[in-house]
Amino acid sequence: TMKDDDKSKALYCVGIYMANYFLPSGEKFEYAMKEKSISTVKVLKTYALEIGIPEKEWDEGVNKATDKHYGSKYNKELTDGCHAFLEKTIPDGKGRVEKVVQTLY
């Protein structure tokens, strides 16, 4: 299972990814990054459910994290840190995200 500090970090990252996803167009922000952000959110949720975190608990955490980060500017450093965390925490995390990106269309 995911240790509490990993779970907190995962939810923190979801908040950052959601803030990225909702950035207004015209921000210095690539479209592919939005795709990767929303795909990573899906992978993190799927993984959380796979390891036994109740969906209601996960969704509540996601809502709090999203509220906290909503409206923040794109931060490449934080986002890259979250990618690194995902790749370290979830087996084949990078591959899983790439698969979800391909199913967006």
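Helix axes are lines fitted to C-alpha atoms over the stretch in contact, and angles run from 0 to 180 degrees between N-to-C directions. Helices are DSSP runs (H or I, at least four residues), numbered from the N terminus. The model is predicted, so local features need pLDDT of at least 70, side-chain atom pairs count only at pLDDT 80 or more, and totals for chains, interfaces and linings use all residues. Residues are numbered from 1 along each chain as its sequence is written, and side-chain values use heavy atoms, with hydrogens and water left out.

**Exercise 1.** Describe the packing of helix α1 and helix α4.

Solution.
Step 1: Helix α1 covers residues 4-21 and helix α4 residues 76-89. Their axes are 10 Å apart, at an angle of about 135 degrees.
Step 2: That angle makes α1 oblique to α4. Angles under 35 degrees count as roughly parallel, over 145 as roughly antiparallel, 65 to 115 as roughly perpendicular and the rest as oblique.
Step 3: The crossing of α1 and α4 is left-handed (the near helix is turned anticlockwise from the far one by less than a right angle; clockwise would be right-handed).
Step 4: The contact (heavy atoms within 4.5 Å) includes Y12, C13 and I16 of α1 and L78, C82 and F85 of α4.
Step 5: The residues of this contact divide into eight nonpolar, four polar and two charged. Ala, Val, Leu, Ile, Met, Phe, Trp, Tyr, Cys and Pro count as nonpolar, Asp, Glu, Lys and Arg as charged, and the others, Gly among them, as polar.

**Exercise 2.** Describe how α1 packs with α2.

Solution.
Step 1: The axes of α1 and α2 are 8 Å apart, with an angle of about 145 degrees.
Step 2: Their crossing is left-handed.
Step 3: Among the residues in contact are V14 and M18 of α1 and I38 and V41 of α2.
Step 4: By class, this contact has nine nonpolar, three polar and one charged residues.

**Exercise 3.** Describe how α2 meets α3.

Solution.
Step 1: The axes of α2 and α3 come within 10 Å and cross at roughly 145 degrees.
Step 2: The crossing of α2 and α3 is right-handed.
Step 3: L44, K45, A48 and L49 in α2 meet E55, W58 and D59 in α3.
Step 4: The contact of α2 with α3 has four nonpolar, no polar and three charged residues.

**Exercise 4.** Find the salt bridge partner of K7.

Solution.
Step 1: A salt bridge is a side-chain nitrogen of Lys or Arg within 4 Å of a carboxyl oxygen of Asp or Glu. The structure holds seven salt bridges.
Step 2: K7 pairs with E57, the closest N and O atoms being 2.2 Å apart.
Step 3: K7 lies in helix α1 and E57 in helix α3, 50 residues apart.

Methods
Helix = DSSP H or I, 4+ residues; strand = E, 2+ residues; numbered from the N terminus.
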